[in-house]
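Have the model open as you read.

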Amino acid sequence: MQDGKKAGGRGPGRTTRQDWLTAALDTLISEGEDQVKVLSLAAILDCPRSSFYWYFKNRSELMDALLDTWAATNTKALIDAADNDGATICEALAKLFSKWVYGSAFDTKLDFAIRDWARRSGTVRRALDESDIARIAAISLMFERFSYPPAEADVRARIVYFTQIGYATLDQREDYDTRMKRGAQYLFCMTGQTPTRDEIAALAHLYPKTNYVGIDHVL
């Protein structure tokens with residue numbers, strides 16, 4: 001079925017399936033899954049509630065679509081980011097963080113909303129567990145590509161993953177320049193490798209909107 005059309009009749013015309021998904025995602029992020037209601041979404045979209053049923057059988061189908069969207073965006077984005085063309089482990093890790101933290105494909109707020117939802121849904125909890133396992137496995141493979149033993153690669157991947165999730169959860173609001181100045185030590189502590197001057201310079205260039213210039217003070 002195409003957006004706006006339904007077999008045997010005419011579609012609502014004013015809204016698309018993506019409109020409903022976007023409104024539902026925004027609500028999930030800002031208010032939680034219990035506030036994702038057909039009537040409320042219809043009010044947001046300024047359209048009849050009946051329009052919803054051109055695209056979804058019921059609310060459960062919409063919620064399943066939200067979970068699928070998260071998996072197809074956030075989880076895929078992180079796995080793809082771990083599979084990058086970094087020439088060294090420090091460069092590869094820097095590229096991972098550039099996509100994870102500052103890229104447009106991974107939505108941290110959506111990830112938090114899913115984690116909050118998982119506290120009240122066994123189905124979502126299982127999906128989240130599977131996602132975490134897949135993400136950690138991808139980061140572990142990134143380390144293995146640079147000859148880290150599998151067991152060590154797994155632990156380093158967990159350190160990287162849990163540190164970033166925890167950092168975002170704490171919402172420290174560390175200013176950009178402060179975090180960038182710590183970049184060399186982050187790379188060293190997470191990889192066990194001392195980054196070169198070129199790798200530290202590349203780290204700064206991977207991130208947008210930086211005033212981080214000069215690297216002598218972090219070597």
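The largest pocket in this predicted model has 22 lining residues, with Val101, Thr108, Tyr167, Ala168 and Asp171 nearest its centre. A pocket here is an open set of 1 Å grid points that a 1.4 Å probe fits, with protein on both sides within 12 Å along at least five of seven lines, and lining residues have an atom within 4 Å of a point. The space inside comes to about 600 Å³, counted as what probe spheres set on the points fill. Four helices, α4 (89-101), α5 (108-118), α7 (150-170) and α8 (176-181), each give two or more residues to the lining; helices are DSSP runs (H or I, at least four residues).

Now for α5 and its partner. Helix α1 (residues 17-31) packs on α5 at about 70°, axes 8 Å apart, so the two are roughly perpendicular (65 to 115 degrees). The axes are lines fitted to C-alpha atoms over the stretch in contact, and angles run from 0 to 180 degrees between N-to-C directions. On the α1 side, Leu25, Leu28 and Ile29 meet Lys109, Leu110, Ala113, Ile114 and Trp117 of α5, with contact meaning heavy atoms within 4.5 Å.

Numbering runs from 1 along each chain as its sequence is written, and side-chain values use heavy atoms, without hydrogens or water. Local features need pLDDT of at least 70 and side-chain atom pairs 80 or more, while totals for chains, interfaces and linings use all residues.

Key
Parallel < 35°, antiparallel > 145°, perpendicular 65-115°, else oblique.
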